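Work through the exercises below with the sequence and the coordinates open. Each task is followed by a solution in steps.

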Amino acid sequence: MTEPIVEVRSLSKDFLLPHLRQTTLKGRALRLFRQARTIELQHALRDITFDIPRGEFLGVVGRNGSGKSTLLMILAGIYAPTRGTVAVRGKLVPFIELGVGFHPELTGRENVYLNGALLGFSRAEVDEMYDDIVAFAELEESMDQKLKNYSSGMKVRIAFSLATRAKAEVLLIDEVLAVGDATFQRKCFEHFRTLKKSDTTIVLVSHDMDAVREFCDRVLLIDDSRIVAEGSADVVATRYTELLGEA
Amino acid sequence: MRELFARIRVRYRYPLIIMRAMVIADFKLRYQASFLGYLWTLLRPLAIFSILYVVFVRFLRLGAGIPYYPVYLLFGIVIWGFFTETTSQALVALVKRADLLRKIAFPRYVVVVSIGAATFISFCLNLLVITLFMLLLSVPLRLEVMWLPFLFLELAVLAVSVAFFVSALYVRFRDLDYIWEVTMEAAFFLTPIVYPLALVNDQNPTAARILILNPMAQIIQDARYVLVSDQALTISQLYDSAWIRAVPIGITVAVSVASVAYFRRRSASFAEEA
């Protein structure tokens with residue numbers, strides 16, 4: 001039995017409700033003269049425990065606001081857990097959104113370098129794969145235009161063709177499939193199939209039960225900040241559909 | 001030893017890649033829309049300089065006892081400009097990049113350090129203008145100029161440290177930008193930039209001895225002394241004790257240790273709060 005690549009133990013996350021936080025020095029000073037207010041906490045995740053074995057394609061499903069995106073952010077190291085621990089043994093690349101750091105006033109070419117850097121590629125490395133990226137995105141003619149003149153489909157193609165280059169042992173994918181046309185979605189799925197064959201561990205957060213059924217080895221259903229079901233894609237996807245029906 | 005270097009290379013590879021990309025993007029964005037491009041970096045301090053020169057040197061005849069006063073004045077403005085640019089750009093930087101902080105986990109200090117790197121590049125371009133002025137006025141170079149890199153190091157450490165502190169504090173307190181603007185305005189006049197420190201010393205020696213303990217005052221006066229004119233009044237001339245001479249450096253070190261500690265302690269929650 002090999003060690004799991006991701007280990008999550010009794011993980012909880014609380015958020016302070018934003019309107020109760022003091023965000024000015026003036027507010028802080030005034031508060032000295034008033035009774036301290038009770039702070040209201042929002043429990044985004046409660047006591048989550050699970051493992052991901054190396055090479056697994058794990059699905060995370062749940063209704064809006066159930067806490068699944070918060071879980072992804074904590075796995076990515078963006079949010080710190082309030083209680084509990086998360087251990088990731090390997091290079092992790094999050095795709096919370098495609099085209100992170102894209103700037104509308106920079107050209108397509110400049111954005112490729114900027115986004116590439118955020119994915120961990122040096123300029124020399126981007127130089128090397130630049131032509132492939134542009135060819136994959138089918139945007140040879142428009143790379144010197146500013147990004148603000150691109151259609152959203154063009155942006156997604158550029159971002160995705162960069163994303164497919166990222167070398168990761170664990171990939172976190174959040175709803176990126178929701179954007180783009182049918183052709184593009186097919187490309188995404190093809191890429192997932194290749195990833196699945198390689199040894200990459202993937203966590204996919206999605207509302208698309210067809211995709212979940214097709215790709216995921218195992219699925220977690222999160223509801224009201226807790227894991228309420230865990231198991232094969234078919235079983236959990238059905239449970240999720242029932243949950244939607246109840247609401 | 002080689003293993004240590006290898007480990008450092010691996011550890012800082014990603015931060016350095018992002019930092020480089022951010023600095024490049026920042027420069028491109030800042031100057032692509034303007035006709036004069038990079039020249040703006042140089043024109044800003046020159047414009048401030050001309051106003052101050054006309055009012056304080058021509059009208060009020062400050063700095064009569066100091067040779068090459070125009071260069072002396074410009075040098076002070078450029079050093080001060082680096083400090084205010086770095087700190088006030090860094091102040092809003094985490095909040096401005098909140099979107100990025102919420103999408104990808106990279107070391108948060110990169111945001112502040114990349115601003116420091118960009119302003120330091122502009123600072124170096126400004127130094128070229130100073131060199132030009134020195135050639136025009138044929139200011140003689142002295143051996144003491146070799147101290148200049150150390151003073152610039154102290155300046156960079158101080159500016160980036162304060163930048164760490166205010167950027168982290170602004171995430172919590174969103175009225176800090178107004179407070180900081182006023183603070184910088186006040187600090188500009190409490191630092192001997194437009195007026196010679198010797199003038200204060202003539203009127204009120206105690207005041208001069210207090211002003212020079214401010215690290216920015218010490219840096220500016222020392223830098224002027226080694227580059228422009230030995231008539232610039234430095235901390236070594238105001239105090240005999242080596243301990244007191246070390247106070248501004250002590251302040252710089254204390255500020256950097258405290259700022260970095262505060263930034264590190266807060267950085268885990270930047271993504272939620274920024």
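**Exercise 1: Chain A as a whole**

Task: Of the contacts in chain A with a separation of 6 or more, what percentage joins residues 24 or more positions apart?

Solution. The model is predicted. Take two residues as in contact if their C-beta atoms, placed from the backbone, lie within 7 Å. Keep the contacts in chain A with a separation of 6 or more; residues 24 or more positions apart account for 74% of these. For context, chain A holds eight helices and nine strands. Of its 247 residues, 37% are buried. Along the principal axes, the C-alpha atoms of chain A occupy a box of roughly 65 × 50 × 40 Å.

**Exercise 2: Chain B against chain A**

Task: Which helix of chain B supplies the largest share of the side that touches chain A?

Solution. The contact draws 22 residues from chain B and 25 residues from chain A. On the chain B side, helix 1 (2–32), helix 7 (176–190) and helix 14 (270–273) each supply at least two residues. Helix 1 of chain B has the largest share, with seven residues. By class, the chain B side comprises 14 nonpolar, one polar and seven charged residues.

Notes. Residues are numbered from 1 along each chain as its sequence is written. Chains are lettered from A and ligands numbered from 1 in the order in which they are written. This is a predicted model: local features need pLDDT of at least 70, side-chain atom pairs count only at pLDDT 80 or more; totals for chains, interfaces and linings use all residues. Helices (H or I, at least four residues) and strands (E, at least two) are DSSP runs, numbered from the N terminus. Ala, Val, Leu, Ile, Met, Phe, Trp, Tyr, Cys and Pro count as nonpolar, Asp, Glu, Lys and Arg as charged, and the others, Gly among them, as polar. A residue is buried if 20 or more other C-beta atoms lie within 10 Å of its own, exposed if 12 or fewer, and partly exposed in between; C-beta atoms are placed from the backbone.
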